[in-house]
Amino acid sequence: MTTSVPPTPTSFEALPVQPPLPAPSVLPQVRAPRPMVAAALGLGVLAEVLLDRSSWGISFPLMTVALLATLLFLGGRESWQRARPNAWLLVPLVVISSFVAVRANPWLMLLNVLTSGVLLLLLAHFWAAGRVQRLGLPGYALVAVGSFFKGMLYPPALVRDTVDLKSARKHAPRLLPFARGLLLALPVLAVFGVLLESADVAFASAMERLWSTDLWALFGSTLGRAFGALFAACVAAGVLGHALRRRKGRERGEDEVETVRPKLGLTEALTLILAVDALFLAFAGFQVAYLFIGGASSPAEGYTYAEYARRGFFELLVVSMLTLALVMALARWTRRESPLAEAAFRVGASLMVALTLVIVASAVKRMALYEDAFGYTRLRLFTHVFMLALGTVLAWRAVTLWWRPERFAIGAFVTALGAVVAVNAINPDALIVRLNLSRSTEYGHPDVDYLATLSLDAVPALTAAQDSAPGWRAQLLEGYADTLLVESGATWPEWNLSHWRARRALQAAGVAAR
């Protein structure tokens, strides 16, 4: 009896054919792509209407509010519930963007626009994930940059999800014969056109008028507006798409600040801290004895005011910033294995911060000496605000050494926002006018050429000082009046509070444009 053996399948004939796996897409998935496309295009058209102006005024905060309102509408209640822990970012975003319609200073304009952009990137990231309070100090920059590049992926993703690309590729071959026909027709039309122009003078004149038509004058403005609206729509799509994204796992900002294993021994860290403390203490003794007790009315021997202030200020600024970085690095990398070790480290680091605050005060004093000698400018006032903000961050670092160390980054971030609001609130150009006019009684007339470069923010302060200012004030005011005359044709989206106040102040002073 023979037993039959079933045949063994050869090679691949018995294996089922598996469909190929789709290649992983770099583009993200989008929720509700069609409504988002409609919203982005609407915001793009609105941005073209409001922002395509010679200057920005009330249009910028209106555009910001429109974008936020669209985000709230598309996200709905569920999205708002996720965003509520970070909704406080809306307040500084609206306030700082509104300063674009309040101040005319170009430095402030740039600062406010950039700060609003950073806040919008942070808000887009944390609308769907995490809490901004849990970021470390470098995390704010990383999140803002990451949101920018991730947002760039959403416009092509929306095109992918809303446009039938397969159908477009299917019908594309039908257009090829038409394109080939056009290529064949062009040289034939050129030959016949030349012959017909030679045959008839009237036809030649009509063709000459046709070829001399400025197509850019006819269609350039429309094309420019279309591209501007499309660009703004892409920006809106990036913000909306990233804010309403589908999360994949955990993202930056959802967890507490990353913990690291300290590698530096306490003895080494304390040696470094005490050595720096000793150096800073010696330096602070000289500063207190000279700058804050005696001799502060004149520069050091052998130096002019300019040399003394410039030589000292920038070096002290760098020292203060390096000290802040050093304290942060030591707090992160130093081993403190007992309560006594922790207390010793905190005392030494706190002393370093306190002595650094003396250095910051010395730098501010040197800048004050320079200003007393040469007057006040935008750069010097901005430097004052920066130094005060740096001092606040250093003081907060000392506090967080003893209480809630994880709160240092959010405190530094809020301090930076507070500095932006403060520099807008003090109105630098008006303050420069008041300070320079007050010192002109002692040192002679101020730098009129510099005052002429200030923005319209300075006009109310100039008109208020008419009793103490000499004849050059009238010339300055006439120049500002001419500036307002040039801007008299501005449309309502360009409305600015400083321009309105300057116009009223000039009218009250009886100054008219030349």
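This is a predicted model: local features need pLDDT of at least 70, side-chain atom pairs count only at pLDDT 80 or more; totals for chains, interfaces and linings use all residues.
## How exposure is described

A residue counts as buried when its relative accessible area is under 20%, as exposed when it is over 50%, and as partly exposed in between, using a 1.4 Å probe and protein chains only. By that scale, Asp52 is partly exposed, with a relative accessible area of 38%.

Residues are numbered from 1 along each chain as its sequence is written, and side-chain values use heavy atoms, with hydrogens and water left out.

## Salt bridges

Let's start with the charged pairs. Side chains of opposite charge can pair when their charged atoms come close. Here a salt bridge means a side-chain nitrogen of Lys or Arg within 4 Å of a carboxyl oxygen of Asp or Glu. Searching the whole structure turns up nine salt bridges. One of them joins Asp52 to Arg225, with the closest N and O atoms 3.7 Å apart. Asp52 sits in the loop between helix 1 and helix 2 (59-83), and Arg225 in helix 9 (residues 215-243), so this pair ties together parts that are 173 residues apart in sequence. Arg225 is partly exposed, at 42% relative accessibility.

Two further pairs are worth a click. Glu337 and Arg335 meet through their side chains in a salt bridge of 3.8 Å, N to O. Glu337 is exposed, with a relative accessible area of 71%, whereas Arg335 is partly exposed at 34%. Glu342 forms a salt bridge with Arg336, and there the closest N and O atoms are 3.0 Å apart. Glu342 is buried at 18% relative accessibility, while Arg336 is partly exposed at 25%. Elsewhere, salt bridges that share partners join Glu48, Asp52 and Arg225 into one network.

## How the helices pack

Next, the helices. The helices named in this report are DSSP runs (H or I, at least four residues), numbered from the N terminus. Two packed helices are described by the angle between their axes and the distance between the axes. The axes are lines fitted to C-alpha atoms over the stretch in contact, and the angles run from 0 to 180 degrees between N-to-C directions. Angles under 35 degrees count as roughly parallel, over 145 as roughly antiparallel, 65 to 115 as roughly perpendicular, and the rest as oblique. A crossing is left-handed if the near helix is turned anticlockwise from the far one by less than a right angle, and right-handed if clockwise.

Helix 1 (residues 33-51) and helix 6 (residues 154-162) have axes that come within 9 Å and cross at roughly 125°. These two helices are therefore oblique to each other, and their crossing is left-handed. Helix 4 (residues 106-126) and helix 14 pack at an angle of about 150°, with their axes 11 Å apart. That makes helix 4 roughly antiparallel to helix 14, and this crossing is left-handed.

## Contacts across the sequence

Asp161 belongs to helix 6 and is partly exposed at 28% relative accessibility. Ala373, in helix 12 (residues 339-374), is partly exposed with a relative accessible area of 26%.

## A nonpolar surface patch

Now look at the surface. Val188, Val191, Phe192, Leu195, Leu196 and Phe203 form a nonpolar patch there, with about 560 Å² of accessible area together. Patch residues have over 30% relative accessible area and no salt bridge; nonpolar side chains (Val, Leu, Ile, Met, Phe, Trp, Tyr) are joined within 5 Å, and like charges within 9 Å. The areas come from the Shrake-Rupley method with a 1.4 Å probe, and for residues only the protein chains shown count as cover. Helix 7 (residues 165-199) gives the largest share of the patch, five residues. Val188 lies in helix 7 and is partly exposed at 42% relative accessibility.

## Positive phi angles

Finally, two loop residues. Arg404 has a positive phi of about 50° although it is not a glycine. Arg404 is located in the loop between helix 13 (378-402) and helix 14 (408-425), and is partly exposed at 33%. Asn427 has a positive phi near 55° and is likewise a residue other than glycine. Asn427 is in the loop between helix 14 and helix 15 (428-443), and is buried, with a relative accessible area of 7%.
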